[in-house]
Amino acid sequence: MKPSKRLKYLFITRTLTGGGAERFVSIFASFMADQGYDVHILTYAVSEKDYPVSGNVKLHVMPYVEDNLRGKFLRILRMKQALVKINPDVLIPFIGSVVSCTYLVNLLLRKKFVFTVRNSPWRQAGGRFSECMRKIIARNADAIMLQNREQEEYFPASYRDRIFIVPNPVAGKFQTCKKERYAEKLTKITAVGRLHTQKNFPLLISAVQANARENPDLRLEIFGEGEERDRLENRIAQENGTGVCKLMGRTSDVEGVLKETDLFVLSSDYEGMPNALIEAMAMGVPCISSDCKTGPRSLIRHGQTGLLFQTGSLDSLKETLDWALRHPAEMNRMGRAAREDVLAAYQIEKTLSAFVEMIDAIHSRMIGENSEK
């Protein structure tokens, strides 16, 4: 048994609902726990919409606090109480304020700390204080867990011995389920993601609407919810595209949606390592993506397993989409090749191996530190 299996791991996340980080935690913690690791999850809340988690994971829920200034201080206290009770060896917090809160608590507890990066480090949310906190945390973390090599470019060379690349794994259902029927004419386009400015859905709506003038059968369905819904609905109406573009809301059957689409498009201005794109490629769906930092270029080999367009450029997306619609056989071939690529590179066993390498490095440092005392 590897030494790392004797350690107690605590994943910390605000919720287990919604985005890619939460999905990563649910998939990864479950797989690790089922492989015999001592895995815990600490979350701020639970709901019926949470991603499923293995029964072998020990789930802890912090008491509810108001999301105001007093609540933030109270949350730090509650988190300290939870960490003392759980007594983990390794802390792995996810997303913005959760990472900062955990780091502040850990100044007292001195547990091993993994700084996780789940988006483009050049485009992280928050102001100057948040940016300053991230730099302090990265400087002092025991390990920095990235999703791809592009993100590594952001950090000083002196950090490289603490940087580990742990990509998002392909969920099991996307390995076993795949696209069976490929259309001779591409008419149904799908996008999946939170309705947020990061995803730049207005760009996609405009491009699809423009291409629909020469392709009247073209349809776009966007799955997801978020604060940009009203703005996007207005954009669709302004584009006179109510019959072409539709907001579909959330779906619990992403694989079913992808199985029936002809083309998947990611129009984001920035990403970390987009799960939605990974899942579409794993299903064998032909894909187009912006060449944004970071993630798409790590996944798509342009012209071989999908197409990349210039980030934020309407003309580039329209031209790329036009080429795809005129070359359905080529796009379908790319979709099949993408499935082979993604399943070979992002099996959860490989991702776990990368994670274990990181944890073993931390464990070796722990042994060294103990021997010096």
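Begin by selecting the charged side chains of the protein chain, of which 53 are positive and 44 negative, with the centres of the two sets 5 Å apart; Lys and Arg count as positive and Asp and Glu as negative, while His and the chain ends are not counted, and each charge is placed at NZ of Lys, CZ of Arg, CG of Asp or CD of Glu. This is a predicted model, in which local features need pLDDT of at least 70 and side-chain atom pairs count only at pLDDT 80 or more, whereas totals for chains, interfaces and linings use all residues. Residues are numbered from 1 along each chain as its sequence is written, and side-chain values use heavy atoms, with hydrogens and water left out.

Along the principal axes, the C-alpha atoms fill a box of roughly 75 × 45 × 40 Å. Buried residues (under 20% relative accessible area, 1.4 Å probe, protein chains only) make up 55% of the 373 residues.

Now select helix α1, residues 20–34, whose 15 residues reach 21 Å from first C-alpha to last, close to the 21 Å expected at 1.5 Å a residue, where the expected span is 1.5 Å times one less than the number of residues. Because 12 of the 15 residues of α1 are buried, the helix is largely enclosed by the rest of the structure; among the buried residues are E22, R23, F24, F28, F31 and M32.

Conventions
Buried < 20%, exposed > 50% of the residue type's maximum accessible area, 1.4 Å probe, protein only. Helix = DSSP H or I, 4+ residues; strand = E, 2+ residues; numbered from the N terminus.
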